[in-house]
Amino acid sequence: MAKLLSSWCKDAQSLPKNYVFPPDKRPGELNSPVYSGPVVDLSKAVGQGQAETIQQIIQACQEFGFFQVIKHGVSGSLMHDTKNVMKEFFDMPDEVKSSVFTADASKRCRLFTSSLNYTNEEAYYWRDNLTHPCHPWEDCMQLWPKKPTRYREVVGTYTVEVRKMILKVLDLICGGLGLEQGYFGGDLSKIELLSTNLYPRCPDPSLALGCHRHCDPNLITFLDQGEVYGLQVCKDGQWIGVEPISNAFVVLIGCQLQIISNDKIRGPEHRVLTNSNKDRISIGCFVIPTYECFIEPAKALVSTCNPPLYRALQYKDFLSTYDEKIGNFRAVMECSKLQVQ
Ligand code: OGA
Ligand code: NI
């Protein structure tokens with residue numbers, strides 16, 4: 001099995017060939033503009049401020065497919081602590097990490113390098129990743145790494161606080177779409193995966209990628225991208241950098257939310273650049289429907305004047321298409337679309 005990037009890359013003087021992306025996919029221009037994108041202060045989403053916050057969120061989802069949330073209720077020190085624990089995790093020797101090191105997608109807790117598609121990639125991603133379920137924490141904590149010793153305690157507390165924020169944001173999106181409160185609260189958001197990326201400093205960021213262009217297949221993603229820039233979102237055909245804001249979460253609309261909204265809001269294509277100065281850690285919380293769940297445009301959002309654009313598809317079937325056509329977002333969504341007569 002491929003060795004973890006973090007176990008050898010510190011000695012790499014130049015970028016190995018199998019990490020060089022073909023010219024049309026490499027980042028090339030590293031100085032594209034960097035913006036915060038829409039920033040939503042969640043503490044204002046109470047009383048009279050609620051309607052305005054909802055408006056701001058929906059507009060952000062329509063224009064950009066993402067926004068950043070601040071004052072969201074997850075404490076800054078907990079976010080900091082969690083990032084530190086993750087850093088400690090990746091810093092441990094390979095022998096210690098070997099208990100969770102696997103590229104087997106059926107394993108629920110997995111530490112791997114590049115992607116689970118390692119053997120078929122045209123170029124490797126400059127990253128290592130640790131992914132495991134995190135909700136409800138009581139049911140999945142046994143799967144988590146035992147070391148660092150405070151991993152389970154810190155990550156357990158973190159996921160509880162993050163879940164509260166997630167449900168709050170989902171209800172605001174409900175309000176904006178015209179769906180009843182709690183619409184996303186059941187099977188549509190039952191699974192949560194915590195996915196932590198380590199993007200070590202890279203010998204040649206103009207040729208490499210931390211993650212190739214993609215749209216998240218799930219419902220919605222909450223990402224703590226830390227202090228180091230790397231995330232880019234495609235807007236109107238242009239890559240724009242997402243400026244890191246201290247203690248903020250980047251909220252990215254996923255394919256399932258796009259389908260449920262009947263294209264009222266859209267998931268953005270995004271990718272991750274590397275940099276040559278600093279290691280970057282990002283922690284993503286992926287909100288995921290159950291695999292049996294049928295996803296289709298919400299009944300309340302379709303009518304004869306606004307017919308459904310997508311057919312009902314079980315999430316597991318969507319995922320198989322997604323894995324087959326990885327990197328081709330349009331083709332993935334086309335497979336779920338209803339044929340217009
Ligand atoms: C992802 C992703 C962005 C980042 O893991 O799907 O887009 O900045 N991550 O790590
Ligand atoms: Ni993503």
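Begin by selecting K97, which touches L4, S6, F89, F90, M92 and L111 when residues up to four places away in sequence are not counted, a contact being heavy atoms within 4.5 Å. K97 is buried, with a relative accessible area of 2%, where buried means under 20%, exposed over 50% and partly exposed in between, with a 1.4 Å probe and protein chains only.

Before moving on, note that this is a predicted model, in which local features need pLDDT of at least 70 and side-chain atom pairs count only at pLDDT 80 or more, while totals for chains, interfaces and linings use all residues. Residues are numbered from 1 along each chain as its sequence is written, chains are lettered from A and ligands numbered from 1 in the order written, and side-chain values use heavy atoms, without hydrogens and water.

Next, select the nickel ion (ligand 2), which is coordinated by H214 (NE2), D216 (OD) and H270 (NE2) at 2.1 Å; donors are N, O and S atoms within 2.8 Å of the metal (3.2 Å for Na, K and Ca), and water is not among the atoms, so sites may look incomplete. Both H214 and D216 are buried.

Then select ligand 1, whose surrounding residues include H214, D216, H270, R280 and S282, each with a heavy atom within 4 Å of the ligand. For polar contacts, which are pairs of N or O atoms within 3.5 Å, show the side chain of S282, where a polar atom lies 2.6 Å from an oxygen atom of ligand 1. Taken alone, ligand 1 exposes 290 Å², of which the protein buries 95%, by the Shrake-Rupley method with a 1.4 Å probe.

Notes. A polar contact is a pair of N or O atoms within 3.5 Å; within protein, one must be able to donate a hydrogen and the other to accept it, and residues adjacent in sequence count only if both atoms are side-chain atoms.
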